[in-house]
Amino acid sequence: MRNLNREDATALLSDAERVEMGEYCDTYKRFLGIAKTERRAYAEAVRLLTAAGFRPLAECEVLKPGDKVYRGYHGKTLFAAVIGNQPVADGVRVVGGHTDAPRIDLKPVPLTEKGGFAYFDTHYYGGVKKFHWVAHPLALYGVVVKADGKVVEIAIGDEPDDPVFMISDVLPHFGKDQAAKKVSEAFPGESLDLLIGSVPDPEAEKDKVKQNIVKLLESKYGISEEDLTSAELEIVPAGGPRDLGLDRSMIVGYGHDDRICAFAGLKALMDLKQIPERTGVVLLCDKEEIGSVGASGMNSTFFENSIAELVVRQQPGAGDIAVRRALEASCMLSADVCAASDPNFPTADSPNNMAKFNAGPSMIKYTGAGGKSGASDARAEFIGRLRKVFDDDGVVWQIGELGQVEKGGGGTIAKFMAYYGMDVLDMGTPLLNMHAPWEAASKLDTYMTYRAYRAFFSA
Ligand code: MN
Ligand code: MN
């Protein structure tokens, strides 16, 4: 139901909905605790899809209504579909989110020593406030690929007995110079070195602390210093999602943006009770936080190739035009989080037009910056259609924009999908302190996001 005044919708929930909300949020928290990188989100999503009866698309020669398939790209980007009663060439319904999140990556040659400490040299990923990342326990995840192709998985910092890592900060007693700087200049990217050791190797001739770490990497993980040059290692906050507030009405976690919407789409697709009229598709993509670039980002041919793979399995010999028609006749919810109005920062607020907690997922008609530059603007006819879909299904929703005009801006994968001529609307869960190491969402909004995507697939 429309929530024009963004009133707290908690009282509108039925008893059954409250129970479902609790179960859904527990399931989501489990996923979020595992999915600390895009690779881990992918692996967990494939595990869930497999358990729900989805099969690799490559193993299916023909597709009929009700078939459940998925297709992945390099263990990072995922396409899953439930085939509908109507042909794919007549258009599909897409819920597309992303599973990468702001973080700190290791440089290609990361290992270094200075002043008796060993460090990993880093290069941050996505829009971070760098001061958020210092003086906090951090975990290390990723893969190291050896020259013979063997892949070593790294996951350190979240098991109870694991060590953690830290980026140090100057103490306030001697932080006068730092405090006099602008926040944007007080924490240079090059100073975000990750502390990983302090004990020297007595047998080494120089860089003794670093050499001790080299020995440890070799003995514990079977990797050499050179192996780190073919690796993707990501530094993320150590710890898992938790209930937030005495009333436990919210969830704090790393990477809500955008695993909260990605998971909602995935779960909505897996939970479809009946064969949908239109084929339902979920996209979990990578690299959104740096502009959807690269082969695993949405600005690639992965999505259209995946649609072509569906079409050809329904219409053998169908040409390129069938794929183009399918793309143009499709519609999409760009499933990405939005900023929630924060009473502590009223100057960022767009009165009456910014999402509030406990008022449901928010449609964002357009994103962009300044005069909507870079936006994909959803047309009124599509929003009108969706209003009915959500209202008929009892979904609590709100609509607005990202924040106050000329205070900043942002973008999602919406414009890359709109390129095909399909209708696309941004709609996702409101967050407090988006892109911080720990982000907050309300449980009601978390649950209603799932309900909105489920209604979209079923309608
Ligand atoms: Mn996002
Ligand atoms: Mn983001």
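1. Lys443 and Asp243 join through their side chains in a salt bridge, N to O 3.1 Å. A salt bridge here is a side-chain nitrogen of Lys or Arg within 4 Å of a carboxyl oxygen of Asp or Glu. Helices (H or I, at least four residues) and strands (E, at least two) are DSSP runs, numbered from the N terminus.

2. On provenance: this is a predicted model, where local features need pLDDT of at least 70, side-chain atom pairs count only at pLDDT 80 or more, and totals for chains, interfaces and linings use all residues. Residues are numbered from 1 along each chain as its sequence is written, chains are lettered from A and ligands numbered from 1 in the order in which they are written, and side-chain values use heavy atoms, leaving out hydrogens and water.

3. Lys443 is buried at a relative accessible area of 13%. Asp243 is partly exposed, at 23%. The cut-offs: buried is under 20% relative accessible area, exposed over 50%, partly exposed in between (1.4 Å probe, protein chains only). Both residues also belong to a salt-bridge network with Asp26, Lys29 and Arg248.

4. The salt-bridge count comes to 30. One of them pairs Asp193 with Lys114, the closest N and O atoms being 2.6 Å apart. Asp193 lies in the loop between α4 (183-186) and β9 (194-197), and Lys114 in strand β5 (residues 103-114), so this pair ties together parts 79 residues apart in sequence. Asp193 is buried, at 9%. Lys114 is partly exposed, at 43%.

5. Another salt bridge joins Lys146 and Asp227, at 2.7 Å, N to O. Lys146 is in the loop between β7 (138-145) and β8 (151-156); Asp227 is in the loop between α5 (208-221) and β10 (231-237), 81 residues apart. Asp227 is buried, with 10% relative accessibility.

6. Asp257 is in helix α6 (residues 256-270), and Glu289 in the loop between β13 (279-285) and α7 (302-314), 32 residues apart. Asp257 is buried, at 3% relative accessibility. Glu289 is buried too, at 12%.
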